[in-house]
Amino acid sequence: MVSRVYHELKVELPLGEIYKTPTIEALARTIKQISEYDHHIEQPYLLLNQPQKPKIFCFPPIAGYGLTYKELADRLDEYSVYGFDFIEMDDPVQEYIKLILEIQKNGPYVLFGYSAGGNLAFEVAKGLMNAGYLVSDVILLDAVKSTEPVYTTPKEIEEGVKRLLDVDITDPWLKEFLEIEAVKEKVKAKIGKYIAYTDQLVNEGMIDADIHFIVAEVEESYKDCW
């Protein structure tokens with residue numbers, strides 16, 4: 001829908017608006033506002049299913065978008081599943097904590113992270129606990145513990161982004177989304193910043209929570225996993 005709106009109307013509709021305003025009338029108002037004022041603020045998270053009392057906060061893989069968890073959310077109908085995008089800040093952890101506390105004032109909190117999102121989930125759990133909040137569970141899917149920084153050049157990051165977009169992204173929704181050139185540039189920038197952030201992230205210390213580690217298949221590369 002976002003792709004077709006762009007090609008027909010030349011309006012870049014934020015992806016999250018499809019879920020925040022799921023009616024034609026509401027989307028029409030949003031499109032009109034964007035086209036007239038060329039201004040919109042993208043929310044860095046989405047509620048991916050119907051609201052429920054227990055909540056799960058999901059952190060994005062290296063592609064940088066929480067919408068990755070939409071299929072999972074559709075199957076977890078007893079939970080509210082919130083999908084976070086990567087927040088392009090020097091210290092995104094504090095911003096995630098702020099957003100989580102706005103959504104759920106008190107713990108216990110359940111955090112989920114796939115791939116690079118697992119590293120983020122651990123850091124956010126640690127930050128919540130350091131601030132005096134209770135985290136009951138941290139669920140890590142195919143996440144590898146970061147034990148030391150990785151030094152990559154801007155050129156290597158650029159090549160990594162290109163490889164990810166050309167080969168590794170298989171989600172049909174994201175592939176079509178990337179057909180919009182302006183959107184593709186934003187996605188490339190987000191992934192590049194996420195790679196640079198995770199390259200310097202080191203997961204240190206301990207958290208007082210149940211850690212659930214899930215692997216798609218056992219490989220040698222998981223020898224240093226959680």
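A salt bridge here is a side-chain nitrogen of Lys or Arg within 4 Å of a carboxyl oxygen of Asp or Glu. The legends below describe close-up views of a predicted model.

**Figure 1. Overview of the predicted chain.** The chain has 9 helices and 6 strands, and buried residues make up 46% of its 226 residues. Among contacts between residues at least 6 apart in sequence, 75% join residues that are at least 24 apart. The accessible surface of the chain comes to about 12,900 Å², and carbon and sulfur atoms account for 51% of that surface.

**Figure 2. A salt bridge between Lys70 and Asp74 within helix α4.** The side chains of Lys70 and Asp74 meet at 2.5 Å, N to O, and this distance counts as a salt bridge because it falls within the 4 Å limit. Both residues belong to helix α4 (residues 70-75), where they stand 4 residues apart, about one turn of the helix. In general, an α-helix has 3.6 residues a turn, so residues three or four places apart point the same way. Asp74 is partly exposed, with a relative accessible area of 47%.

Figure 3. The side chains of Lys190 and Glu88 meet in a salt bridge at 3.3 Å, N to O. This pair links distant parts of the chain, with Lys190 in helix α9 (residues 181-200) and Glu88 in the loop between β3 (80-84) and α5, 102 residues apart. Lys190 counts as buried at 10% relative accessibility, whereas Glu88, at 36%, counts as partly exposed. A salt bridge also joins the side chains of Lys193 and Glu88, at 3.2 Å, N to O. Because Lys193 lies in helix α9 and Glu88 in the loop between β3 and α5, this pair ties together parts that are 105 residues apart in sequence. Lys193 is partly exposed, with a relative accessible area of 45%. Through shared partners, the salt bridges join Glu88, Lys190 and Lys193 into one network.

Figure 4. Asn49 is placed in the loop that runs between β1 (45-47) and β2 (55-59). Its relative accessible area is 14%, so Asn49 is buried. A polar atom of the Asn49 side chain lies 3.1 Å from the backbone oxygen of Ala73, and the side chain of Asn49 also reaches the backbone nitrogen of Val81, at 3.0 Å. When residues up to four places away in sequence are not counted, Asn49 touches Ala73, Leu76, Tyr79, Ser80 and Val81.

Figure 5. A polar atom of its side chain is found 2.4 Å from the backbone oxygen of Leu201. Apart from neighbours within four places in sequence, Ser146 is in contact with Asn119, Thr198, Leu201, Val202 and Asn203.

**Figure 6. The buried face of helix α5.** Helix α5 (residues 92-103) has 12 residues and reaches 17 Å from its first C-alpha to its last, which is close to the 16 Å expected at 1.5 Å a residue. Its buried residues are Pro92, Val93, Tyr96, Ile97, Leu99, Ile100 and Ile103. Seen down the axis of α5, these buried residues fall within an arc of 165°, so they line one face of the helix.

Figure 7. In helix α1 (residues 2-9), the residues Val2, Ser3 and Val5 are buried. After α1 comes Lys10, whose phi is positive, near 60°.

Terms used
Residues numbered from 1 in each chain as written. Predicted model: local features only at pLDDT ≥ 70, side-chain atom pairs only at ≥ 80, totals over all residues. Heavy atoms only, no water. Helix = DSSP H or I, 4+ residues; strand = E, 2+ residues; numbered from the N terminus. Buried < 20%, exposed > 50% of the residue type's maximum accessible area, 1.4 Å probe, protein only. Polar contact = N/O pair within 3.5 Å; in protein donor to acceptor, adjacent residues only side chain to side chain. Contact = heavy atoms within 4.5 Å. Expected span 1.5 Å × (residues − 1). Arc of directions from axis to C-beta. Areas by Shrake-Rupley, 256 points an atom, 1.4 Å probe, with all protein chains shown as cover.
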